[in-house]
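Biologist: I am new to this structure. Could you walk me through how to read it?

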Amino acid sequence: MRLDQILRANPVIPVVVVNDAQEGVDVGRALVAGGISTAEVTFRTAAAPDAIEAMNGIDGLVVGAGTVLNAHQAKRAIESGARYVVSPGFSADIVRTCQEAGVPALPGCSNASLIMAALAMGIDVVKFFPANILGGAGAIKAYSAVFPGLRFVPTGGVSPSLLPEYLRMPEIAACGGSWMVRRELVESRNWATITALSAEAVRIAKESGR
Ligand SMILES: O=C(O)C(=O)C[C@H](O)[C@H](O)COP(=O)(O)O
């Protein structure tokens with residue numbers, strides 16, 4: 001599946017941290033119940049590969065990998081069935097690994113030089129992290145002026161109140177964030193709130209033209 005298809009269906013990408021595969025399945029079901037059909041499962045915990053594999057069994061969920069820091073983790077993510085691979089920064093090794101496997105890579109690019117390195121590898125959507133600290137929508141507008149055709153996924157400090165401003169910009173493909181799946185919600189097994197926050201995000205995205 002192409003990255004732009006996945007992002008068109010998912011203007012909001014939940015960044016998920018899970019401690020075991022079952023937690024991943026529960027989170028995935030809660031997201032789908034709220035109308036979100038993707039989850040970025042981060043390699044911040046050792047449970048990520050098993051969780052990705054287990055979550056692939058959920059109907060209507062496209063599972064990606066996040067916080068992928070090197071080519072080895074990218075390979076593991078792809079072997080576990082990740083449909084896209086997100087990294088906080090730009091790594092040519094990761095992008096190459098993904099391209100060889102035919103899996104889209106979404107590298108984080110925090111400045112013009114890194115964007116140029118990504119463009120040189122055929123990337124046309126980049127993550128912009130940490131979006132709020134790097135200048136948010138204003139910074140993305142400035143980069144768009146010099147990189148026509150490039151699209152951005154701002155992540156880091158995104159909240160429901162910021163979604164309309166971001167999602168009304170055509171150069172923004174989607175927004176990433178963890179607010180729907182905050183750690184304490186997962187730990188307290190509060191799936192209903194994860195579903196409610198997901199539904200709220202979907203509603204705001206629709207009202208913002210997505
Ligand atoms: O995991 C990665 O690869 C990252 O780049 C970091 C995450 O995307 C952010 O931690 C999400 O940001 P918050 O919504 O502010 O929590």
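This is a predicted model: local features need pLDDT of at least 70, side-chain atom pairs count only at pLDDT 80 or more; totals for chains, interfaces and linings use all residues.

Biologist: What does the secondary structure of the protein come to?

Modeller: Helices (H or I, at least four residues) and strands (E, at least two) are DSSP runs, numbered from the N terminus. Here there are ten helices and eight strands.

Biologist: What radius of gyration does the protein have?

Modeller: That radius is taken over C-alpha atoms, and the globule rule is 2.2 Å times the number of residues to the power 0.38. For 210 residues the rule gives a value near 17 Å, and the protein's 16 Å agrees with a compact globule.

Biologist: Which residues surround the ligand?

Modeller: A residue counts as near a molecule if one of its heavy atoms lies within 4 Å of it. Among those surrounding the ligand are Val15, Arg44, Thr67, Lys127, Phe129 and Ser178.

Biologist: Which polar side-chain atoms lie by an oxygen atom of the ligand?

Modeller: A polar contact is a pair of N or O atoms within 3.5 Å; within protein, one must be able to donate a hydrogen and the other to accept it, and residues adjacent in sequence count only if both atoms are side-chain atoms. Thr67 places such an atom 2.5 Å from a ligand oxygen, Ser178 has one at 2.6 Å, and Arg44 has one at 2.7 Å.

Biologist: Where does Thr67 lie, and what is its phi?

Modeller: Thr67 is in the loop between β3 (62-66) and α4 (71-79). Its phi is near 50°, a positive value in a residue other than glycine.

Biologist: Is the peptide bond from Phe129 to Pro130 cis or trans?

Modeller: That bond is cis, with omega near -10°. Pro130 belongs to the loop between β6 (125-128) and α7 (136-146).

Key: Residues are numbered from 1 along each chain as its sequence is written. Side-chain values use heavy atoms; hydrogens and water are left out.
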